[in-house]
Amino acid sequence: MSIGMMAELPLNYSLWISMQTSPVYEPAKRSAFLDIYRGSAVLLMMIFHFCWDLLNFGFMEFSIYDPFWVHFRSLILTLFLSAIGWSTFIVLKKDKSASFWKRDIKLFLSAAAISLATYLAVPNQWIYFGILHFIFIASLAIRPIARWPIHCAIFGAAIIIIYHSTDWLLFPNAFSTITHYIALPQRTLDIVFPFPWVGVVLIGPLLGYLNWHKIPTPQHTVLTVFAFMGRYALPIYLTHQLVLFALVATFKMVLTFIS
């Protein structure tokens, strides 16, 4: 189960993070604030997956379609996806001819690994276009236009507003139509539809234009941990659920054995 949850989930979004200044923690080549921002998404994702594991093994009872969990998932996606456009703007501002090929290869291989692993483990619900697949495509799409952050933000906001106020960008039968003509499972553990999430990616460059990444951050152990998680978001994403699922499964086995 990933942050995309099941294909039927509705999509919403919300976001706001602020930090106060004091002693400054600021790595030379990275934005501490952006790492903390991204690390917040990683932590929320881990909480989401841990709760799902507890649900799966009967330690909790709730519906993943409850508004709380839908909005919780939307917040995670908003943090991750806005960071894509934001970080792209920062890189291109420093170097207009910057190369992203190493990052692209890592994302592509990671997305492929997720697809292969879930296909082998749960072939009737394997992930063919989850969050990593979307991030890979969105990263490629945002680069040609990230240098115009205001235009990007206007376009992105328009997509989000249109999505939530009209049915112009709603395609209720798209998923069933695609799976009817292509040999894909009717349900998938993780899927991210283009709308409204491409709009969130497009708003990302504006955060860079507003210099949010230059906001000084306090030198605190908790924030250092957040920054670490943001710096290594991809490997944590790929491995955290293996650890969490194994821990909950082991605890369940122990309880079953002693009861």
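Predicted model: local features only at pLDDT ≥ 70, side-chain atom pairs only at ≥ 80, totals over all residues.
**Ground rules.** I number residues from 1 along each chain as its sequence is written. Local features need pLDDT of at least 70, side-chain atom pairs count only at pLDDT 80 or more, totals for chains, interfaces and linings use all residues, and side-chain values use heavy atoms, without hydrogens and water.

**Helix pair.** I looked up α1 (residues 32–56) and α8 (residues 221–231). Helices here are DSSP runs (H or I, at least four residues), numbered from the N terminus. The two pack at about 85°, with axes 7 Å apart. The axes are lines fitted to C-alpha atoms over the stretch in contact, and angles run from 0 to 180 degrees between N-to-C directions. α1 and α8 are therefore roughly perpendicular (65 to 115 degrees).

**Largest pocket.** I found about 1200 Å³ of space in the largest pocket. A pocket is an open set of points on a 1 Å grid over the protein atoms alone, where a 1.4 Å probe fits, with protein on both sides within 12 Å along at least five of seven lines; lining residues have an atom within 4 Å of a point. The volume is the space filled by probe spheres set on the points. I noted 34 lining residues, with Arg 30, Arg 38, Ser 87, Val 91 and Arg 103 nearest the centre. α2 gives the largest share, eight residues.

**Ile 127.** I placed this residue in the loop between α3 and α4. Ile 127 counts as buried, because its relative accessibility is 5% (buried is under 20%, with a 1.4 Å probe and protein chains only). Its contacts include His 133 and Leu 189.

Definitions and conventions. Parallel < 35°, antiparallel > 145°, perpendicular 65-115°, else oblique. Buried < 20%, exposed > 50% of the residue type's maximum accessible area, 1.4 Å probe, protein only. Contact = heavy atoms within 4.5 Å. Lists of a residue's contacts leave out its neighbours within four places in sequence.
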